[in-house]
Every structure is written in structure tokens, then in C-alpha cells.
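Please brief me on the structure shown here. Keep it short and grouped by topic.

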Amino acid sequence: MSFAENLKKLPKVSHLAALNLLDDAGQVVASIENKAGSQGSLAIYNHLAQTYGLINAEAARKGLELFAEHVDEERAHPGKHPNIARLLRIADGEPALRAKHVFAL
């Protein structure tokens, strides 16, 4: 399935302002905001956090499936999709990240 088709099956994220990704020390290493251009990433990362409890290698592999055709774009043009690049690194052995929801007011 395509990225767009996959997004239709995921929980909505309108209640979120952002999702902060934290390392083992609890430091925010990235934030995915609920804004144009990153809402798909927010939906995928939110789903992974809810399903797996954290973004580990197994969750990263599932996330890459959900990003579908955009994974090939990232591989061909490294840095084009930083949220996909992060999942590729975690799938390849980087430490897992915890997700902390930032709720919209």
C-alpha cells in the first residue's frame, strides 16, 4: 500500500501539538510537530509509540513499511526525509527512543 493509503488507517492526531522523542537520559532529541509537511510523520510515530511503547528496531521496521514509497526517496536522497532517516538508523541498531505526547490546547 502507498503512504497515503496507510495514513488513512492510522489514528487521527488532531489532539496532538507535537510528539517529542527522548533518548535514554530523557533528553528531547527530536520533535515532530502537528503542522503541514509533518502530519503524516506525526501519525506514524504516534501509532508506533502507541503500539510498541517506544520506537525500537521492531517499531522502526513497521514505520518504514508505513512510509512506503518515501523510504526509497530517503535512500536515494539522504536527508530529504529526516523522520524516515531516523527510523532507518534505529532499524540498523541505534538506540530506541521514547515518545512523549504534547497535547493541543
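Is Arg 89 buried, partly exposed or exposed? Arg 89 is partly exposed, at a relative accessible area of 39%. Here buried means under 20% relative accessible area, exposed means over 50%, and partly exposed lies in between, with a 1.4 Å probe and protein chains only.

This is a predicted model, in which local features need pLDDT of at least 70 and side-chain atom pairs count only at pLDDT 80 or more, while totals for chains, interfaces and linings use all residues. Residues are numbered from 1 along each chain as its sequence is written, and side-chain values use heavy atoms, with hydrogens and water left out.

**Salt bridges**

- The structure holds four salt bridges. The term covers a side-chain nitrogen of Lys or Arg within 4 Å of a carboxyl oxygen of Asp or Glu.
- Side chains of opposite charge can pair when their charged atoms come close.
- Arg 89 pairs with Glu 94 in one of these salt bridges, with 3.4 Å between the closest N and O atoms. Glu 94 is partly exposed, at 40% relative accessible area.
- Glu 73 and Lys 80 form another salt bridge, their closest N and O atoms lying 3.6 Å apart. Glu 73 is partly exposed, with a relative accessible area of 26%.
- Glu 33 and Lys 35 also meet through their side chains, at 3.8 Å from N to O. Glu 33 is partly exposed at 41% relative accessibility. Lys 35 is partly exposed at 46%.

- Three strands make an open sheet in the order 2-1-3, with antiparallel pairing. Strands are DSSP runs of E with at least two residues, helices are runs of H or I with at least four, and both are numbered from the N terminus.
- The edge strands are strand 2 (28-33) and strand 3 (98-103), and each pairs on one side only. Two strands count as paired if DSSP finds at least two bridges between them.
- From one strand to the next, the twist averages 25°. Axes are lines fitted to C-alpha atoms, for helices over the stretch in contact, and angles run from 0 to 180 degrees between N-to-C directions.
- Strand 1 (residues 16-22) joins strand 2 in the antiparallel sense over five bridges. In this pairing, Ala 18 stands opposite Glu 33. Asn 20 stands opposite Ser 31.
- Strand 1 pairs with strand 3 over six bridges, again in the antiparallel sense. Leu 16 faces Phe 103 of strand 3 as its opposite residue.
- Strand 1 is largely enclosed by the rest of the structure, because six of its seven residues are buried.

**Backbone with positive phi**

- Most residues other than glycine have a negative phi.
- Ala 68 is not a glycine, yet has a positive phi of about 50°. Ala 68 sits in the loop between helix 3 (57-67) and helix 4 (69-76). Ala 68 is buried, at 19% relative accessibility.
- Gly 26 takes a positive phi near 85° in the hairpin of strand 1 and strand 2. Five residues lie between the strands of that hairpin.

**The largest pocket**

- The largest pocket has a volume of about 170 Å³. On a 1 Å grid over the protein atoms alone, a pocket is an open set of points where a 1.4 Å probe fits, with protein on both sides within 12 Å along at least five of seven lines. Grid points are joined across faces, edges and corners, and the volume is the space filled by probe spheres set on the points.
- Its lining has 13 residues, and the closest to its centre are Phe 3, Gly 37, Ser 41, Phe 67 and His 81. A lining residue has an atom within 4 Å of a point.
- Helix 2 (39-52) and helix 5 (82-91) are the elements that give two or more residues to this lining.
- The lining residues divide into four nonpolar, eight polar and one charged. Ala, Val, Leu, Ile, Met, Phe, Trp, Tyr, Cys and Pro count as nonpolar, Asp, Glu, Lys and Arg as charged, and the others, Gly among them, as polar.

**Sequence and space**

- Ala 59 and Asp 92 are 33 residues apart in sequence and 12 Å apart in space, C-alpha to C-alpha. Ala 59 belongs to helix 3. Ala 59 is buried, at 0% relative accessibility.
- Asp 72 and Leu 105 are 33 residues apart in sequence, with 36 Å between their C-alpha atoms. Asp 72 lies in helix 4. Asp 72 is exposed, with 54% relative accessible area.
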